[in-house]
Amino acid sequence: MIEYALWFAFAAFGIGLVFTLWRVVRGPHSADRILALDTMVINAIGLLVVYGISIDRQVYFEAAMLIAMVGFVSTVAYCRFILRGDIIE
Amino acid sequence: MDWDIELIGEILVSAFLVIGGLFALVGSFGLVRLRDCMQRLHAPTKATTLGIGGVLIASMIHFGMSGEQISFHELLITVFLFLTAPLTANFIAKAYLVYRVEESDLPPTTGKYGWAIYHDPPKDPADL
């Protein structure tokens, strides 16, 4: 039973990645692209956690934690660059 | 049919995986489907964060059943994402406002300084 749930979660996060990629390519405004990149980071964290469950290793939580932190910092940096024209003033 | 603890854990893990995957899929689909940038801001920041929460609860239960002690560092990722999702949404909304909304369309700030996205912050701390 858990294998089918794992495959469903893999498919859901994978299709979510495709949707965010479409919005990154298409997005009419740079705020849309930043939002799509942020969602892409969240989907990548979900894929990592589901993969960690499927091969029964706990190492992937550290990777997911690091990706969450780097994704947050990069989103804030992009928005600061659009808002102020500079990241660290 | 005996309801042993492993079967209940497996059902719980599967249920949380399916719920988390569904919420993440709905959030990512809203990013494609909705029309305006301000509408699009709603879908990923709420639904996708909830989907990640479901998947992380599933992994907590899974490793708690198989391992020796229950681990709580999945909760760290959940707390971190729940803390940072409103911040990123606020920043993205500000970045949208800078380019798409004129300052004259916004209500006055009833202070000496205008909106923070159009003007520099006050240099004097007494003006804050």
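How far apart do the end C-alpha atoms of residues 34-53 of chain A lie, and how much of that span is helix? Let's start there, friends. The ends lie 29 Å apart, and the span is 100% helix with 0% strand. Please keep in mind that we are looking at a predicted model.

Where does that span come from? In the UniProt record, an unreviewed entry, the annotation "transmembrane region" covers residues 6-25, 34-53 and 59-83 of chain A. Take residues 6-25 of chain A: that span is 100% helix and 0% strand, and its end C-alpha atoms lie 29 Å apart.

Now over to chain B. Its UniProt entry, also unreviewed, places "transmembrane region" at residues 12-32, 44-63 and 75-93. Residues 12-32 of chain B are 100% helix and 0% strand, with end C-alpha atoms 31 Å apart. For residues 75-93 of chain B, we again find 100% helix and 0% strand, and the end C-alpha atoms are 28 Å apart.

Next, let's see how the two chains meet. On the chain B side, 53 residues are in contact with 48 residues of chain A. About 4400 Å² is buried between the two chains, and carbon and sulfur atoms give 79% of that area.

What about charged partners? Between chain B and chain A the count is 1 salt bridge, and over all chains the count also comes to 1. The partners are A:Asp32 and B:Arg40, with 2.6 Å from N to O. This pair crosses between chains, running from helix α2 of chain A to helix α2 of chain B. Are these two residues buried or exposed? Both A:Asp32 and B:Arg40 are buried.

As for the side of chain B that touches chain A, the elements giving two or more residues are α1, α2 (37-40), α3 and α4 of chain B. Which of them gives the largest share? That is α4(B), with 17 residues.

Let's move to the nonpolar side of the story. The largest nonpolar core has 44 residues, and those touching the most other members are A:Ile45, A:Val49, A:Val50, B:Leu17, B:Ile52, B:Ile77 and B:Ile92. Elements giving two or more residues to this core are α1 (2-26), α2 (30-54) and α3 (60-84) of chain A, together with α1 (5-33), α3 (42-66) and α4 (73-100) of chain B. The largest share, 10 residues, comes from α2(A).

Pick out B:Ile52 on your screen. Leaving aside neighbours within four places in sequence, B:Ile52 is in contact with A:Phe13, A:Ile42, A:Ile45, A:Gly46 and B:Leu81.

My last stop is A:Thr75, which is found in helix α3 of chain A. Why does A:Thr75 count as buried? Its relative accessible area is 3%, and buried means under 20%. Its side chain makes a polar contact with the side chain of A:Asp38, at 3.2 Å. Not counting residues up to four places away in sequence, A:Thr75 touches A:Ile34, A:Asp38, B:Thr88 and B:Ile92.

Methods. Residues numbered from 1 in each chain as written. Chains lettered and ligands numbered in written order. Predicted model: local features only at pLDDT ≥ 70, side-chain atom pairs only at ≥ 80, totals over all residues. Heavy atoms only, no water. UniProt positions renumbered as here; feature names shortened; annotations may be inferred. Helix = DSSP H or I, 4+ residues; strand = E, 2+ residues; numbered from the N terminus. Core = buried A, V, L, I, M, F, W, Y, C linked by side-chain atoms within 4.5 Å. Buried < 20%, exposed > 50% of the residue type's maximum accessible area, 1.4 Å probe, protein only. Contact = heavy atoms within 4.5 Å. Buried area = accessible area lost by both parts, 1.4 Å probe. Salt bridge = Lys/Arg side-chain N within 4 Å of Asp/Glu carboxyl O. Polar contact = N/O pair within 3.5 Å; in protein donor to acceptor, adjacent residues only side chain to side chain.
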